[in-house]
Amino acid sequence: MMTQKWVYQFGQGSAEGHEMMKDLLGGKGANLAEMSNLDLPVPPGFTITTDVCSYYYGHNKTYPESLQEQLKRAIATIEQKIGMFFGDPENPLLVSVRSGARVSMPGMMDTVLNLGLTDQTVLGLKRKSEDGRFAYDSYRRFIQMYADVVLGVDHYLFEDVLESFKRHNELLLDTDLTEADWVSIVDEFKHIVEQETGNSFPQDPYEQLWAAIGAVFNSWQNPRAEAYRQMHEISASWGTAVTVQSMVFGNMGNDCATGVAFTRNPSTGENMFYGEYLINAQGEDVVAGIRTPQHLTIKEKEAHKSKLPAMEETMPDVFQQLLSVRQILEQHYRDIQDIEFTVQKNKLYMLQTRSGKRTAQAAIKIAVDLCHEGLISKEEAVSRIEPQSLDQLLHPTLDPKAARDVLTVGLPASPGAATGRLVFNSF
């Protein structure tokens with residue numbers, strides 16, 4: 001009897017799946033596979049199917065017998081492709097773990113980055129990168145994310161430690177901290193985990209990985225996800241997939257960055273690249289509100305009267321790579337795309353693409369423009385406009401040409417993408 005396939009691999013140039021397999025691989029996994037098939041720069045990884053989620057809930061939260069072996073083979077394939085090894089103290093492979101249902105599902109588990117870091121592998125990362133500050137910055141990020149989304153430790157406990165440290169040492173930004181600073185903070189973070197859970201922070205990478213996978217599946221039935229499914233009539237039987245992907249680092253120096261973008265303006269529908277990035281940062285920094293993101297294009301920078309340089313200026317070669325990816329994705333998907341990317345040592349890597357959310361006004365303009373560009377037919381353009389969304393256009397709106405004072409600007413992120421906090425000052 002043939003063993004069921006639970007794990008599908010992907011990576012630039014080849015994948016075991018494609019975009020039509022969203023029911024099995026989830027939207028994230030299917031689109032990563034499709035970008036791999038398009039030979040876009042996708043770091044290698046694998047997707048654990050939604051069938052495993054169904055099995056998990058149908059068998060008292062246990063896994064299929066053959067899953068462990070298939071997962072180990074998938075890890076070994078990544079190791080072979082990039083020459084790094086999971087749990088190796090000298091040359092450690094680190095991975096990200098993400099949830100991914102067939103449709104966007106706000107309320108599910110947040111991403112865990114840098115999984116595989118331990119007290120031993122962080123030393124290997126330091127030697128390999130020749131940058132101790134980067135290594136321990138990555139470790140403190142991992143401890144905080146893992147403790148929050150996997151172990152259930154309140155992330156504000158970690159934020160309080162970090163903010164207190166910066167105030168005490170008169171430091172403004174996270175990037176101002178040294179290696180020694182991060183080593184000290186890592187120790188405090190591990191102490192918080194032990195205090196809150198009664199256990200030391202896990203030092204076995206496979207233990208970390210299986211716990212993160214379990215956290216993804218458990219998040220499928222958390223109260224927020226269940227409420228969203230009921231509101232949008234999404235069946236609980238669909239389940240979620242889990243995507244495990246080799247890490248690339250946007251926080252390795254000033255030739256590294258991370259960003260999010262829309263291939264067209266999601267508010268107006270204008271055919272203009274629209275997004276934000278941060279130099280020397282990881283993904284959560286862009287939407288966390290800790291640092292001010294920078295625009296991708298000079299045109300956007302000038303429109304918002306920003307003094308911060310655009311990617312078009314600071315990383316012109318990478319920006320041209322990104323423009324090429326933008327064109328390939330729009331031609332292929334025939335729709336506005338919402339993308340996530342990382343730049344490591346001036347090389348672009350694609351981490352996600354999906355159809356972009358848009359306003360009713362933008363939806364009409366994008367549909368008409370795509371029709372004029374020959375990407376979709378008139379019939380398809382009409383079918384893409386949801387009748388209920390037209391109600392938005394029948395209500396009075398503010399005059400876009402009226403004088404106004406801009407208090408702040410930000411990227412209109414997709415549901416679930418943006419997080420932040422309010423800070424109240426006493427006067």
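In β2, which residue is the bridge partner of G11? It's S14. This is a predicted model, where local features need pLDDT of at least 70, side-chain atom pairs count only at pLDDT 80 or more, and totals for chains, interfaces and linings use all residues. Residues are numbered from 1 along each chain as its sequence is written, and side-chain values use heavy atoms, with hydrogens and water left out.

**The sheet**
- Six strands make an open sheet in the order β2-β1-β3-β8-β6-β7, with antiparallel pairing (strands are DSSP runs of E, at least two residues, and helices are runs of H or I, at least four, numbered from the N terminus).
- β2 (14-15) and β7 (112-115) sit at the edges with a single partner strand each, so one side of each has no neighbour in the sheet.
- β1 (residues 7-11) pairs with β2 in the antiparallel sense over two bridges (pairing takes at least two DSSP bridges between two strands).

**Helices on the sheet**
- Helix α1 (residues 22-37) packs on the sheet and touches β1, β2, β3 (45-48), β6 (95-101) and β8 (240-246) (contact means heavy atoms within 4.5 Å).
- The direction of α1 makes about 120 degrees with that of β6 (angles run from 0 to 180 degrees between N-to-C directions, with axes fitted to C-alpha atoms, for helices over the stretch in contact).
- Helix α3 (residues 67-82) packs there too, touching β1, β2, β3 and β8, and its direction makes about 10 degrees with that of β1.

**The α5/α6 pair**
- The axes of α5 (residues 132-149) and α6 (residues 155-168) come within 8 Å and cross at roughly 150 degrees.
- That makes α5 roughly antiparallel to α6 (over 145 degrees).
- The contact involves R140, I143, Q144, A147 and D148 of α5, and H155, F158, E159 and L162 of α6.

How values were computed: Parallel < 35°, antiparallel > 145°, perpendicular 65-115°, else oblique.
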